Amino acid sequence: MAQDVAVLDFGSGKIDVLIGERGVNNTICINGMGECDYAGFVDGEWLQPEQLGYAIGHAVNNAETNSRTKIKQLYVGVPGEFTTVVCRDVAISLTKKRKVTEEDVALLHEQGDVFENNPDYTLINVGPVYYTLDDERRLIQPVGMTGVRLSGHISYVLAENRFIHFIGRILEQLGIESVEYVSSVLAEELLLFDDVTRDQYVVLIDVGHITTSVAVGRGDGLLGLYNFSLGGGHITGDLAMAFQIPFAQAESLKRKVVLSLNASEADVYEITDRDTRIPFPAKTVNEIVMERIKLIAATVEKCLHKCDYEYPDYIPFHLTGGGLSYLKGARDYLSKRLNKPVEIVSPAHPPFSRPHMSTGIGLMELALNQQPAVKKKGFFSRLFGK
(Lines give C-alpha, C1' and ligand atoms only; values in the text may rest on other atoms or scores of the structure.)
Protein backbone atom coordinates (compact mmCIF):
# COMPACT_ATOMS: atom_id res chain seq x y z
CA MET A 1 0.00 0.00 0.00
CA ALA A 2 1.31 3.45 -0.91
CA GLN A 3 2.42 5.58 1.99
CA ASP A 4 2.06 9.35 2.18
CA VAL A 5 5.10 11.45 3.03
CA ALA A 6 5.26 15.16 3.79
CA VAL A 7 8.04 17.60 2.95
CA LEU A 8 8.64 21.24 3.83
CA ASP A 9 10.54 23.40 1.35
CA PHE A 10 11.91 26.81 2.33
CA GLY A 11 12.11 28.97 -0.77
CA SER A 12 13.66 32.40 -0.41
CA GLY A 13 10.22 34.01 -0.72
CA LYS A 14 7.70 31.23 -0.11
CA ILE A 15 7.25 28.14 2.05
CA ASP A 16 5.75 25.01 0.46
CA VAL A 17 4.47 21.88 2.19
CA LEU A 18 3.77 18.87 -0.03
CA ILE A 19 2.05 15.62 0.92
CA GLY A 20 2.44 12.85 -1.63
CA GLU A 21 2.91 9.20 -2.47
CA ARG A 22 4.54 7.04 -5.10
CA GLY A 23 2.33 6.47 -8.13
CA VAL A 24 2.45 3.99 -10.99
CA ASN A 25 5.60 3.83 -13.13
CA ASN A 26 7.59 5.54 -10.38
CA THR A 27 5.61 8.78 -10.71
CA ILE A 28 4.87 11.18 -7.85
CA CYS A 29 1.29 11.88 -6.80
CA ILE A 30 0.77 15.04 -4.74
CA ASN A 31 -2.31 14.61 -2.53
CA GLY A 32 -2.09 17.92 -0.74
CA MET A 33 -0.17 21.16 -0.98
CA GLY A 34 0.06 24.26 1.17
CA GLU A 35 2.05 27.42 0.67
CA CYS A 36 2.63 30.74 2.35
CA ASP A 37 4.60 33.81 1.34
CA TYR A 38 7.10 35.00 3.91
CA ALA A 39 10.03 37.40 4.25
CA GLY A 40 12.66 34.72 3.59
CA PHE A 41 16.30 34.82 4.60
CA VAL A 42 19.44 36.76 3.68
CA ASP A 43 23.04 35.78 4.36
CA GLY A 44 21.92 32.90 6.55
CA GLU A 45 19.65 35.06 8.73
CA TRP A 46 15.86 34.94 8.86
CA LEU A 47 14.02 38.10 7.93
CA GLN A 48 11.12 38.66 10.35
CA PRO A 49 11.82 35.45 12.35
CA GLU A 50 8.86 36.23 14.60
CA GLN A 51 6.54 35.60 11.62
CA LEU A 52 8.10 32.29 10.63
CA GLY A 53 5.97 30.15 12.92
CA TYR A 54 2.78 31.55 11.45
CA ALA A 55 3.99 31.00 7.87
CA ILE A 56 5.02 27.38 8.51
CA GLY A 57 1.79 26.68 10.40
CA HIS A 58 -0.30 28.18 7.60
CA ALA A 59 1.42 26.06 4.93
CA VAL A 60 1.18 22.89 7.05
CA ASN A 61 -2.50 23.46 7.83
CA ASN A 62 -3.40 24.05 4.18
CA ALA A 63 -1.57 20.90 3.08
CA GLU A 64 -3.31 18.84 5.76
CA THR A 65 -6.70 20.28 4.80
CA ASN A 66 -6.18 19.63 1.10
CA SER A 67 -5.03 16.05 1.65
CA ARG A 68 -7.30 15.28 4.61
CA THR A 69 -4.20 13.93 6.31
CA LYS A 70 -2.56 14.79 9.62
CA ILE A 71 1.20 15.25 9.27
CA LYS A 72 3.06 13.25 11.91
CA GLN A 73 6.43 12.92 10.19
CA LEU A 74 7.96 15.74 8.16
CA TYR A 75 11.04 15.92 5.95
CA VAL A 76 12.45 19.45 6.15
CA GLY A 77 14.64 20.74 3.35
CA VAL A 78 17.54 22.79 4.69
CA PRO A 79 18.39 25.62 2.26
CA GLY A 80 21.95 26.00 1.04
CA GLU A 81 22.54 29.13 3.14
CA PHE A 82 22.16 27.06 6.32
CA THR A 83 24.42 24.18 5.25
CA THR A 84 28.06 23.45 4.59
CA VAL A 85 29.78 20.62 2.71
CA VAL A 86 32.86 18.67 3.81
CA CYS A 87 34.47 16.00 1.59
CA ARG A 88 36.80 13.35 3.01
CA ASP A 89 38.92 10.50 1.68
CA VAL A 90 38.27 7.42 3.82
CA ALA A 91 39.24 3.74 3.67
CA ILE A 92 38.65 0.47 5.50
CA SER A 93 40.30 -2.95 5.29
CA LEU A 94 38.08 -5.93 4.47
CA THR A 95 40.69 -8.23 6.19
CA LYS A 96 40.54 -10.68 3.29
CA LYS A 97 39.48 -10.74 -0.34
CA ARG A 98 35.69 -10.91 -0.40
CA LYS A 99 32.57 -9.22 -1.70
CA VAL A 100 31.70 -5.76 -0.41
CA THR A 101 28.47 -5.61 1.62
CA GLU A 102 26.09 -2.80 2.57
CA GLU A 103 27.52 -2.98 6.08
CA ASP A 104 31.01 -2.32 4.72
CA VAL A 105 29.77 0.78 2.89
CA ALA A 106 28.04 2.04 6.04
CA LEU A 107 31.24 1.47 8.04
CA LEU A 108 33.24 3.39 5.42
CA HIS A 109 30.88 6.35 5.72
CA GLU A 110 31.18 6.26 9.51
CA GLN A 111 34.96 6.44 9.21
CA GLY A 112 34.67 9.95 7.86
CA ASP A 113 31.96 11.08 10.27
CA VAL A 114 33.85 13.18 12.79
CA PHE A 115 31.00 15.63 13.34
CA GLU A 116 29.07 14.03 16.20
CA ASN A 117 30.21 16.49 18.87
CA ASN A 118 30.37 19.57 16.65
CA PRO A 119 28.68 22.41 18.56
CA ASP A 120 27.65 24.32 15.44
CA TYR A 121 26.63 21.69 12.89
CA THR A 122 24.68 18.43 12.59
CA LEU A 123 25.30 15.86 9.86
CA ILE A 124 22.18 15.49 7.71
CA ASN A 125 23.34 13.76 4.51
CA VAL A 126 26.14 11.45 3.41
CA GLY A 127 26.75 10.90 -0.30
CA PRO A 128 29.52 9.04 -2.12
CA VAL A 129 31.33 10.99 -4.82
CA TYR A 130 32.97 7.70 -5.79
CA TYR A 131 34.36 4.48 -4.30
CA THR A 132 37.53 2.60 -5.14
CA LEU A 133 38.71 -0.98 -4.56
CA ASP A 134 42.18 -2.49 -4.77
CA ASP A 135 42.82 -1.54 -8.41
CA GLU A 136 41.89 2.12 -7.73
CA ARG A 137 39.14 1.93 -10.34
CA ARG A 138 36.40 4.42 -9.42
CA LEU A 139 32.96 2.98 -8.77
CA ILE A 140 29.55 4.40 -7.94
CA GLN A 141 28.20 1.16 -6.43
CA PRO A 142 30.78 -1.21 -4.86
CA VAL A 143 28.35 -3.65 -3.21
CA GLY A 144 28.92 -7.12 -4.63
CA MET A 145 32.37 -6.26 -5.99
CA THR A 146 35.41 -8.16 -4.67
CA GLY A 147 38.47 -6.73 -2.93
CA VAL A 148 40.52 -6.52 0.27
CA ARG A 149 40.23 -2.75 0.74
CA LEU A 150 37.36 -0.30 0.24
CA SER A 151 38.05 3.41 -0.15
CA GLY A 152 35.99 6.39 -1.15
CA HIS A 153 35.70 10.12 -1.54
CA ILE A 154 32.66 10.88 0.59
CA SER A 155 30.60 14.08 0.81
CA TYR A 156 29.09 15.11 4.16
CA VAL A 157 26.39 17.81 4.26
CA LEU A 158 26.06 19.58 7.60
CA ALA A 159 23.19 21.79 8.75
CA GLU A 160 23.56 24.67 11.17
CA ASN A 161 22.33 23.72 14.64
CA ARG A 162 20.69 27.11 15.06
CA PHE A 163 18.50 26.31 12.03
CA ILE A 164 17.61 22.85 13.37
CA HIS A 165 16.85 24.11 16.87
CA PHE A 166 14.78 27.09 15.72
CA ILE A 167 12.71 25.17 13.17
CA GLY A 168 12.46 22.17 15.50
CA ARG A 169 10.79 24.26 18.21
CA ILE A 170 8.24 25.62 15.73
CA LEU A 171 7.39 22.14 14.41
CA GLU A 172 7.10 20.74 17.93
CA GLN A 173 4.55 23.43 18.76
CA LEU A 174 2.62 22.41 15.64
CA GLY A 175 2.41 18.83 16.89
CA ILE A 176 4.83 17.27 14.38
CA GLU A 177 6.07 14.09 16.05
CA SER A 178 9.10 13.28 13.89
CA VAL A 179 11.34 15.54 11.81
CA GLU A 180 14.07 14.55 9.34
CA TYR A 181 16.38 17.28 8.01
CA VAL A 182 17.78 16.88 4.49
CA SER A 183 19.77 19.05 2.11
CA SER A 184 17.53 20.82 -0.42
CA VAL A 185 20.42 21.27 -2.86
CA LEU A 186 21.46 17.61 -2.72
CA ALA A 187 17.82 16.60 -3.27
CA GLU A 188 17.74 18.84 -6.35
CA GLU A 189 20.94 17.35 -7.75
CA LEU A 190 19.73 13.76 -7.33
CA LEU A 191 16.38 14.60 -8.93
CA LEU A 192 17.50 16.68 -11.88
CA PHE A 193 20.43 14.59 -13.16
CA ASP A 194 20.72 10.89 -13.88
CA ASP A 195 23.58 8.71 -12.66
CA VAL A 196 25.59 9.01 -15.87
CA THR A 197 25.38 12.81 -15.95
CA ARG A 198 26.28 13.16 -12.28
CA ASP A 199 29.29 10.89 -12.72
CA GLN A 200 30.71 13.48 -15.16
CA TYR A 201 30.27 16.38 -12.70
CA VAL A 202 27.37 18.84 -12.62
CA VAL A 203 27.25 22.56 -11.91
CA LEU A 204 23.80 23.65 -10.72
CA ILE A 205 22.80 27.30 -10.29
CA ASP A 206 19.53 27.73 -8.39
CA VAL A 207 18.43 31.36 -8.58
CA GLY A 208 15.52 32.03 -6.28
CA HIS A 209 13.63 35.13 -5.23
CA ILE A 210 16.35 36.68 -3.07
CA THR A 211 19.02 33.98 -2.76
CA THR A 212 21.12 31.87 -5.11
CA SER A 213 22.88 28.54 -4.53
CA VAL A 214 25.75 27.32 -6.69
CA ALA A 215 26.55 23.61 -6.34
CA VAL A 216 29.27 21.47 -7.86
CA GLY A 217 28.39 17.80 -7.62
CA ARG A 218 29.59 14.40 -8.69
CA GLY A 219 28.25 10.91 -8.12
CA ASP A 220 25.75 11.02 -5.27
CA GLY A 221 27.47 13.83 -3.40
CA LEU A 222 28.13 17.56 -3.36
CA LEU A 223 31.73 18.66 -3.82
CA GLY A 224 31.14 22.34 -3.20
CA LEU A 225 28.19 24.52 -2.20
CA TYR A 226 28.18 28.31 -2.32
CA ASN A 227 25.39 30.76 -1.57
CA PHE A 228 24.77 34.47 -1.94
CA SER A 229 21.84 36.81 -1.46
CA LEU A 230 20.89 37.87 -4.98
CA GLY A 231 17.88 36.71 -6.97
CA GLY A 232 14.93 37.54 -9.15
CA GLY A 233 13.38 39.74 -6.48
CA HIS A 234 16.34 42.10 -6.75
CA ILE A 235 15.53 42.62 -10.44
CA THR A 236 11.99 43.56 -9.44
CA GLY A 237 13.37 45.89 -6.79
CA ASP A 238 15.68 47.55 -9.31
CA LEU A 239 12.75 48.26 -11.63
CA ALA A 240 10.60 49.55 -8.78
CA MET A 241 13.33 51.94 -7.69
CA ALA A 242 14.26 53.11 -11.19
CA PHE A 243 10.69 53.95 -12.19
CA GLN A 244 9.34 54.82 -8.74
CA ILE A 245 6.54 52.27 -8.99
CA PRO A 246 5.09 49.75 -6.48
CA PHE A 247 6.75 46.35 -6.22
CA ALA A 248 3.69 44.59 -7.68
CA GLN A 249 3.79 46.79 -10.79
CA ALA A 250 7.53 46.20 -11.11
CA GLU A 251 6.93 42.44 -10.97
CA SER A 252 4.37 42.76 -13.78
CA LEU A 253 6.86 44.80 -15.79
CA LYS A 254 9.62 42.20 -15.28
CA ARG A 255 7.36 39.51 -16.72
CA LYS A 256 7.02 41.53 -19.92
CA VAL A 257 10.78 41.68 -20.47
CA VAL A 258 12.37 40.05 -23.53
CA LEU A 259 16.14 40.44 -23.27
CA SER A 260 16.69 39.15 -26.80
CA LEU A 261 14.79 42.16 -28.10
CA ASN A 262 17.10 44.70 -29.73
CA ALA A 263 14.96 47.51 -28.42
CA SER A 264 14.97 50.95 -29.98
CA GLU A 265 14.20 54.24 -28.24
CA ALA A 266 10.61 53.97 -29.45
CA ASP A 267 9.91 50.46 -28.10
CA VAL A 268 7.94 50.15 -24.87
CA TYR A 269 6.65 47.54 -22.48
CA GLU A 270 3.12 48.16 -21.22
CA ILE A 271 1.51 47.03 -18.01
CA THR A 272 -2.10 47.47 -16.96
CA ASP A 273 -3.05 49.16 -13.71
CA ARG A 274 -6.82 49.00 -13.28
CA ASP A 275 -8.04 50.50 -16.58
CA THR A 276 -4.82 52.37 -17.34
CA ARG A 277 -2.04 51.13 -19.62
CA ILE A 278 1.36 52.34 -18.43
CA PRO A 279 4.29 52.36 -20.91
CA PHE A 280 7.95 51.89 -19.98
CA PRO A 281 10.95 52.34 -22.31
CA ALA A 282 11.97 48.82 -23.32
CA LYS A 283 15.62 49.70 -23.89
CA THR A 284 16.02 51.17 -20.40
CA VAL A 285 14.12 48.28 -18.77
CA ASN A 286 16.33 45.72 -20.51
CA GLU A 287 19.48 47.54 -19.47
CA ILE A 288 18.37 47.55 -15.82
CA VAL A 289 17.58 43.82 -15.91
CA MET A 290 20.86 42.94 -17.64
CA GLU A 291 22.89 44.88 -15.09
CA ARG A 292 21.46 42.78 -12.28
CA ILE A 293 22.00 39.52 -14.20
CA LYS A 294 25.56 40.66 -14.90
CA LEU A 295 26.09 41.00 -11.14
CA ILE A 296 24.57 37.56 -10.49
CA ALA A 297 26.86 36.04 -13.15
CA ALA A 298 29.94 37.72 -11.69
CA THR A 299 29.08 36.39 -8.24
CA VAL A 300 28.54 32.88 -9.62
CA GLU A 301 32.02 33.05 -11.15
CA LYS A 302 33.51 34.12 -7.80
CA CYS A 303 31.82 31.16 -6.14
CA LEU A 304 33.15 28.68 -8.69
CA HIS A 305 36.67 30.08 -8.37
CA LYS A 306 36.57 28.96 -4.73
CA CYS A 307 35.91 25.35 -5.76
CA ASP A 308 38.86 23.00 -5.19
CA TYR A 309 37.67 20.57 -7.88
CA GLU A 310 38.44 20.92 -11.57
CA TYR A 311 35.34 19.95 -13.52
CA PRO A 312 35.59 19.46 -17.31
CA ASP A 313 35.35 22.61 -19.42
CA TYR A 314 32.90 20.95 -21.79
CA ILE A 315 30.10 20.42 -19.28
CA PRO A 316 27.27 22.99 -19.42
CA PHE A 317 26.05 24.89 -16.40
CA HIS A 318 22.46 24.21 -15.38
CA LEU A 319 19.95 26.81 -14.21
CA THR A 320 16.89 26.13 -12.07
CA GLY A 321 14.68 27.96 -9.57
CA GLY A 322 12.13 30.67 -10.24
CA GLY A 323 14.38 33.73 -10.08
CA LEU A 324 15.68 33.76 -13.67
CA SER A 325 14.34 30.68 -15.44
CA TYR A 326 11.08 32.33 -16.54
CA LEU A 327 12.62 35.62 -17.66
CA LYS A 328 12.72 35.58 -21.48
CA GLY A 329 16.28 35.79 -22.73
CA ALA A 330 17.83 35.53 -19.24
CA ARG A 331 19.36 32.11 -19.87
CA ASP A 332 21.11 33.31 -23.02
CA TYR A 333 22.37 36.47 -21.37
CA LEU A 334 23.61 34.53 -18.33
CA SER A 335 25.38 32.13 -20.69
CA LYS A 336 27.03 35.07 -22.44
CA ARG A 337 28.26 36.56 -19.17
CA LEU A 338 29.57 33.21 -17.88
CA ASN A 339 31.02 32.27 -21.26
CA LYS A 340 29.52 28.80 -20.79
CA PRO A 341 26.48 27.00 -22.20
CA VAL A 342 23.59 27.28 -19.72
CA GLU A 343 20.66 24.87 -19.79
CA ILE A 344 17.44 25.26 -17.81
CA VAL A 345 16.52 22.11 -15.85
CA SER A 346 13.30 21.16 -14.06
CA PRO A 347 11.72 18.01 -12.59
CA ALA A 348 10.71 15.33 -15.08
CA HIS A 349 7.46 14.74 -13.18
CA PRO A 350 4.42 16.28 -14.94
CA PRO A 351 2.59 18.37 -13.86
CA PHE A 352 5.47 19.59 -11.67
CA SER A 353 8.05 20.03 -14.44
CA ARG A 354 8.70 23.67 -13.60
CA PRO A 355 12.05 25.09 -12.43
CA HIS A 356 10.62 26.62 -9.25
CA MET A 357 9.45 23.13 -8.20
CA SER A 358 12.95 21.61 -8.28
CA THR A 359 13.57 21.66 -4.54
CA GLY A 360 10.05 20.64 -3.48
CA ILE A 361 9.83 17.68 -5.87
CA GLY A 362 13.46 16.80 -5.17
CA LEU A 363 12.69 16.58 -1.46
CA MET A 364 9.57 14.52 -2.19
CA GLU A 365 11.55 12.09 -4.38
CA LEU A 366 14.22 11.71 -1.71
CA ALA A 367 11.63 11.22 1.04
CA LEU A 368 9.68 8.62 -0.94
CA ASN A 369 12.89 6.71 -1.60
CA GLN A 370 13.46 6.62 2.15
CA GLN A 371 10.27 4.65 2.76
CA PRO A 372 10.63 1.07 4.10
CA ALA A 373 10.00 -0.71 0.79
CA VAL A 374 12.96 1.07 -0.78
CA LYS A 375 15.05 1.34 2.32
CA LYS A 376 15.72 -2.41 2.25
CA LYS A 377 17.86 -1.84 -0.83
CA GLY A 378 20.16 0.31 1.25
CA PHE A 379 21.00 2.78 -1.51
CA PHE A 380 19.25 5.93 -0.36
CA SER A 381 19.84 5.19 3.30
CA ARG A 382 23.44 6.17 2.62
CA LEU A 383 22.31 9.63 1.62
CA PHE A 384 21.18 10.39 5.16
CA GLY A 385 23.41 11.07 8.12
CA LYS A 386 22.60 7.88 9.94
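**Arg88**

The model is predicted: local features need pLDDT of at least 70, side-chain atom pairs count only at pLDDT 80 or more, and totals for chains, interfaces and linings use all residues. Residues are numbered from 1 along each chain as its sequence is written, and side-chain values use heavy atoms, without hydrogens and water.

Arg88 sits in strand 7 (residues 83-99). Beyond its neighbours within four places in sequence, Arg88 contacts (heavy atoms within 4.5 Å) Gly112, Val114, Phe115, Gly152, His153, Ile154 and Tyr156. The Arg88 side chain reaches the backbone oxygen of Gly112 at 3.2 Å.

Five strands make an open sheet, ordered 3-2-1-6-11, with mixed pairing. Strand 3 (28-37) and strand 11 (178-183) are the edges; each has a single partner strand, so one side of each lacks a neighbour in the sheet.

Strand 2 (residues 14-22) pairs with strand 3 in the antiparallel sense over nine bridges (pairing needs at least two DSSP bridges). Ile19 has Gly32 in strand 3 as its bridge partner.

**Helix packing**

Helix 10 lies across strands 1, 2, 3, 6 and 11. The axes of helix 10 (residues 358-368) and helix 4 (residues 184-192) come within 8 Å and cross at roughly 80 degrees. Helix 4 and helix 10 are therefore roughly perpendicular (65 to 115 degrees) to each other.

The residues of this contact divide into seven nonpolar, four polar and two charged. Among them are Leu190 and Leu191 of helix 4, and Ile361 and Leu363 of helix 10.

Technical notes
Axes are lines fitted to C-alpha atoms, for helices over the stretch in contact, and angles run from 0 to 180 degrees between N-to-C directions. Helices (H or I, at least four residues) and strands (E, at least two) are DSSP runs, numbered from the N terminus. Angles under 35 degrees count as roughly parallel, over 145 as roughly antiparallel, 65 to 115 as roughly perpendicular and the rest as oblique. Ala, Val, Leu, Ile, Met, Phe, Trp, Tyr, Cys and Pro count as nonpolar, Asp, Glu, Lys and Arg as charged, and the others, Gly among them, as polar. A polar contact is a pair of N or O atoms within 3.5 Å; within protein, one must be able to donate a hydrogen and the other to accept it, and residues adjacent in sequence count only if both atoms are side-chain atoms.
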